[in-house]
Amino acid sequence: MQASMLRIDGLTVMPHGVKTPICADVSFVLRPGERVALVGASGAGKTTLLRAINGSMPAHSGTVLLNGMRVDTSHPRSLRRLRRTVAMIPQKHDLVPRLHVYQNVMAGALGRWSAARALRFLLWPLAAELAEAQRALEQVALGEKLRARTATLSGGQQQRVAIARALVQQPSLILADEPIASLDPGMARQVLDLLCTLARDSGVALVCTLHQPDLAEQYFPRILTMESGRLTKDGPYRLATEAQREPGQQQDARLPPRGLMPDMKQALGT
Amino acid sequence: MESLARALQTLVSFLPPDLSAHYLLALTGPVLESIGMTAGAMLIAYMVSLPLGLYVGLRGPGSRFIGFVLSGVRAIPDLTLAILCVIFVGIGPAAGMIAMAIFYTAAVAKIFGDLFKTADAAPLDAIRATGASPVQVALFLIPLKLNDILSYGSYEFESAVRASVIVGAVGGGGLGAELVGTLNGFDFQRTTTLLLVLIGIVAAVDALTVRLRQRPVWLLLLVPPSLYALWVFQPEQFSLLHAVHTIGAMFPPSLDSDAIARLPALIAETCAMALFGTVLGGIIAFPLALMSARTIAPPWVALPVRRFLEALRAVPETVWGLVLVAIAGIGPEAGTIALGLHSAGSLGRLFAESFENVDPAPVLAVAATGARPVAVVAYATLPLASAPIGVHTLFRLEWNLRQATVVGMIGAGGIGQALFEAQQLFFYQAMVAYLLITWVMVLAVDQLSQMTRARAGWITLPAEEIR
Amino acid sequence: MSQRLPAMTSGRRAFVGAVFATAALQSMRAVADEALIRIGMIPDAGATQVSVEEKAPLQAYLSKALKRPVRLVIPTNYNATVEGLGNGSLDVAYLGGLTYIKAHQQYGAVPLVQREADRQFHALFITQAASSIHSLQDLKGKTFAFGDINSTSGHLIPYQDMKSAGINPDRDLRFRYTGSHAATVKAVETGAVDAGACDETVFKEMIASGKADAAKLRVFATSAPFADYVWAARPGLDAATQQAIIRAFTNLTPENDKSILDILRGTKFVPATDAEYATVRNIARSLKML
């Protein structure tokens, strides 16, 4: 039986001093290699949900299970280990402008590097390490920018550097937060193409927040819809083409109706 | 090695501090004297600099010239002013108070002028359009900039408390006189007591100004005691004839050929002291700043380190210099370390703020890869904070050049020491010559630093920001 | 004067007016404070609250002898003491030989009274008991402590002696000014410097009172005699007060006033004259310290 790689159960996120939860009673299951779009208006709680998945936002109640490990109650050390397997592509790409491109890209490897190696790489990168950065950059078609200053790159290029950083991380799950929000339509399609192709080719699961339902339909076999903190819809859109769906995934990806959850839990053998 | 062992031995003789009731009681006099002369001097400074600052801010006729004069006065080291005042009015808090009043009137007026100049033009034009007189416009400006006035004003007060010890050291009375006394008497345990008292006073003033900034009305309560201090410490004996005569004897400035031949070496020594002192300060400040940044270190590390930095900063360069000259002997080494210690305190605080104020998003992004905390700091926090750290260090270098001449005066070498020795030996014409050279140096570096910053497109803040 | 006044510019007239007004105010205040006598002492043995307290018996004695209130002040350096006489913030000051000469030259300070020993004073060169320094020549390459830069027995005379012995302090050794004789003794004792020069009375007093350890220190050279400390008055001080001060000191006897004489590190006081300082004055000139 195929294990769930991410399993969220009744997740509520409500930071201190906030009266209404940002995420309320969210439950869903994600299988390895699955690609999901998370759509909803801004302020619906999409980004918060992503943050709760990688443990940077504490849960108020409910559970987040990643590869069978609890994220919400993890110790900082084991949380760090968990985070190595989850790559986050933040909304504004959030690179460090003063660093060289290869330094930003290889930041993705920091989870598996020792502190000494991390510091050495900043000052003295080895050829093999630069080659790894080069390979990742070639996958996002930025091979020639290896040694450029990050600040000199355009917005779309920086977004692709952030994707390269995620690839270097060798994750089993990529969380992309509005990766195309600041891009023009042409660039937006290119980036989405890139993300989806890379995820499919390397078998990495992908959760991507978007606020354009049409793009979501085009690129993702499964779409979760959020409205004011709640998950209101879960299923493939009509227009999603067969080609973009892995066989057999469609059925499993759907969550049972809410009432059936307890049985489902047993069935999945948590 | 041997000299290091000796220095450590001397260091041990500073401990434990003399906290006997008898000595602490004896210190109430000097403490009150130091606080009193600060209060009196700052009362004058605020009273004079507020209208002056308004005038300059509103660009009244001749305000450029006034600004130039203010910059010029501010470039005279406070210690030198105190020495001159001791010559004119005699030993004691009166001399120190007058020296501080002059220095801080110039400093505060300059800042107020700059503040008022940057006031939003639109509301001012609206007021002018109603036919308001210039005085009414000026009165309108104060509430507009009240927050800045209060924060810079209290900042200068804190700085003046520290300066009161410096001017005291050359005969201006108070804690400074006592400090020099204990050092000259090799009474080092009491020196430590005095350092602790100074750190305590600065911390108390800091805490007080934070509260006053929230409730500025309470400032009025400070006026009567300040007036009283002004009255108590007014010069007992001030003869204008004597002052005019003494100033007359100081001109024309002159140096003999030996002194002129030594000049380049002296200037180089002072510059080296400033440079190495800044580097040393930066090297000490960097790790401590990382440890005291609330976004990086846990509170049980950050808080004590922060206190330690504040203590380093509470003791002025000159006072560190006095102590170090006693421990390590004379020479630029003592001066360099003295500049380094105080710089470490100020830079540490500013670096820590730079680390805390970086854009959090890239930091979170690197942390999200599962990177170790060390790696997160190295790959995100540090490169993001590097620009403000560079600006702060450059400002510190500029400030340290000025302070290197002052530290020199207490025996740390360079042009400052030459100035002090000329003064002590009553060679006032040579003293004025050295003073003018120092003054030109400080003004030149001021200009140079302003140009560099403008070229690099770095933010410009008044140098006082980072003392 | 009356003919030239109308020719003055108004600014100049205002200035002169201010001078006169200030002078008038000064004289008024001087009348009010006339009773108080302000006496300064160079900080030859340090100046702290405690050292001022230790001198309280001296202040009380002088107050009684002069039948006027006396305030004792110890400025932080020698220069400030001389300037005190110049600007009128001190009426009488205890000065060293060199500082007296400067006060006399600049402001016409009047010598009053001094210890008998001050006429034939000695500077001592001291080092650690076990040190390899046995003569002035051995000082080459060593670290050395002078007292205040204006000190006679702590700077001027030792400097001259070193030069006579073929040592140039500016080139042949690294020296510092400690600010006081007590500090010099302690700096040598703790090894902060290899050797130092100080006042003989301060050295003896510190050894006798246990403030310095006799076992750790050794005198390796003594200067030729010269005239040193003196109590001097500002020129404007009235003759009666000057005489009263001279009497107050010459009346001190070891039998009746031991505590006072201990503070002053002396046994007998004698009137002082300017002529005594001719030699020191010449040395100071030749060393460009005057």
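## Who touches whom

Among the two pairs of chains that touch, which pair has the most contacts? That would be chains B and C. Keep in mind as you look around that this is a predicted model. Chains A and C have no contact joining them, and their closest C-alpha atoms sit 43 Å apart.

## Strands in chain A

Let's start with strand β4 of chain A, which covers residues 61-66. On one side of the pairing story is strand β1 of chain A, residues 6-13, which runs antiparallel to β4(A) and is joined to it by five bridges.

## The nonpolar cores

Now for the greasy parts. The largest nonpolar core has 139 residues, and the ones touching the most other members are B:Tyr434, C:Phe144 and C:Trp231. Helix α5 of chain B, residues 93-117, gives the most to this core: 13 residues. Apart from this core lies another one, of 77 residues, including A:Trp113, A:Tyr219, B:Ala289 and B:Val377.

## A look at B:Tyr434

What does B:Tyr434 contact, leaving aside its neighbours within four places in sequence? Among its partners are B:Leu255, B:Ala259, B:Arg262, B:Leu263 and B:Leu266. The list also includes B:Ile415, B:Ala418, B:Leu419 and B:Ala422.

Notes: Residues are numbered from 1 along each chain as its sequence is written. Chains are lettered from A and ligands numbered from 1 in the order in which they are written. This is a predicted model: local features need pLDDT of at least 70, side-chain atom pairs count only at pLDDT 80 or more; totals for chains, interfaces and linings use all residues. Side-chain values use heavy atoms; hydrogens and water are left out. Two strands pair if DSSP finds at least two bridges between them. Helices (H or I, at least four residues) and strands (E, at least two) are DSSP runs, numbered from the N terminus. Contact means heavy atoms within 4.5 Å. A nonpolar core is a set of buried Ala, Val, Leu, Ile, Met, Phe, Trp, Tyr and Cys residues joined through side-chain atoms within 4.5 Å. Buried means under 20% relative accessible area, exposed over 50%, partly exposed in between (1.4 Å probe, protein chains only).
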